[in-house]
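Dear colleague,

Please find the structure below, together with its sequence. A short account of the findings comes after it.

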Amino acid sequence: GDKDYFHIEGFMESPAVDDDGDCFSPLLLNATSINVEVYYNKAVNYTLMVTFVSFLQVLLLIRQMEHSNTQSGAAKVSIVMIGQQAIMDSYLCLLHLTAGILVESLFNAFATAAFFKFVVFSIFEMRYLLAIWKATRPSNSGGDKDYFHIEGFMESPAVDDDGDCFSPLLLNATSINVEVYYNKAVNYTLMVTFVSFLQVLLLIRQMEHSNTQSGAAKVSIVMIGQQAIMDSYLCLLHLTAGILVESLFNAFATAAFFKFVVFSIFEMRYLLAIWKATRPSNSGEGWETMRRELSFLYSRFYGILLGGVLIMYELHNYMRWILLVMYSFWIPQIVANVVRDSRKPLHPYYILGMTVTRLAIPLYVFGCPKNFMRVEASKAWCIGLCAFIGFQAAVLLLQHYFGSRCFVPRKMLPEKYNYYRRLDHDVNRSRDCVICMATIDLRRRTNDCMVTPCEHLFHSGCLQRWMDIKMECPTCRRTLPPA
């Protein structure tokens, strides 16, 4: 029912023996109850305090930036001091975000505090850090003029009348229309913001599609984690671009913020829901074990995140091949569907929508010949990327409509349990379905009822709807194989 059972482990030593010679030991338990409402109010008040403190820090940073708005003034400020504070605020942002993911009822409060900490360290402190770094760099001694240094070899095709060698030097210089360049960059950030908004809607639709424990357990945690890592890279990339190009900071910071919302609020929350669904519900483990497993999950995620940054830095010449590997995020779900024989784990809108929206940024960078990044366009690579991710989406749709193992030869498939097998005993008497409490007539067609491995009978429709929520027998709670 609604009762909560507590599992206590330990050793008992008997201090005495009773009259019958049996050992006994008094067991004293001190239990304290928590007033959930008071606990909730304390947590909300704490997040309000953190939000207010972050707002004050923003005002103080603005005041300090105005105080040192000249080159000599900014050069006097220690870059290590500002960097140390930025690292502290980034830790607090991650800490409050993790707390909001763990305590679902307090998610909005902790997410607000994490967002304000994100604003403090990513927008103000990192921008101030760049201003100090620029002020401490040596300036050119030629006023506002820009000088160009050209190195190379010259060969003289002729000799003049005085016997001196000479060679004509031709230089082709192109100018950049700054206004057109900025407009292209702003349009790009608007596209990224719109794509991120669509991805939020698709994630919400998918989370509603798999809002039960059984539904969430069908989704591959590797697939969601891979997409979360991609969005975190895009967030850092756009934030860095905004810091480097000061005039485009607001546009790139907006795109970075939306990517931050996608990966930190929605994808990380969905990741935790999938992890909870895949854990055994009756394991009887304590909070310490759960916290240890959760810490291991987050350490793996952020370890892969940092490791990927190092790999991309070292292998930046092979960035297009690295992108092909990153865009194989549907493959873990395809493999999980075949292994578990899962039925419809992903909504078709989520499959199609994510496939299209994920292609927007790489197609612009590597497919648009007039992109503002001046990356050389490659039509062949873009066609290959579209074909690669389109093939993955097609396989997922085939699994959705025709079964997760529709393309696997039957000879290679393991033996599957038959829920419509016949009963050899008591076929002439009726039984009750514990789900709908109606009578099951065993003399009718076999497809009208389903038999579990633990010999319990249910109506076919009743058990199928039950298995969409829980893969456990309604009678004895034994784990059920896929239907």
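The notes below concern helix 5, one of its residues, and a pair of helices.

This is a predicted model, in which local features need pLDDT of at least 70 and side-chain atom pairs count only at pLDDT 80 or more, while totals for chains, interfaces and linings use all residues. Residues are numbered from 1 along each chain as its sequence is written, and side-chain values use heavy atoms, leaving out hydrogens and water.

Helix 5 covers residues 178-209; helices here are DSSP runs of H or I with at least four residues, numbered from the N terminus. Its 32 residues should span 46 Å at 1.5 Å a residue, and the distance of 47 Å between its end C-alpha atoms agrees (the expected span is 1.5 Å times one less than the number of residues). Among its buried residues are Ala-185, Tyr-188, Val-192 and Leu-203. Helix 7 (221-244), helix 8 (249-278) and helix 12 (348-367) are included in what covers the buried residues.

Thr-193 lies in helix 5 and is buried, at a relative accessible area of 15% (buried means under 20%, with a 1.4 Å probe and protein chains only). A polar atom of its side chain is 2.8 Å from the backbone oxygen of Thr-189. Not counting residues up to four places away in sequence, Thr-193 touches Thr-254, Ala-255 and Phe-258 (contact means heavy atoms within 4.5 Å).

Helix 7 and helix 12 are roughly parallel (an angle under 35 degrees). The contact includes Met-223 and Leu-234 of helix 7 and Tyr-350 and Ile-361 of helix 12.

Terms used. Helix = DSSP H or I, 4+ residues; strand = E, 2+ residues; numbered from the N terminus. Buried < 20%, exposed > 50% of the residue type's maximum accessible area, 1.4 Å probe, protein only. Polar contact = N/O pair within 3.5 Å; in protein donor to acceptor, adjacent residues only side chain to side chain. Parallel < 35°, antiparallel > 145°, perpendicular 65-115°, else oblique.
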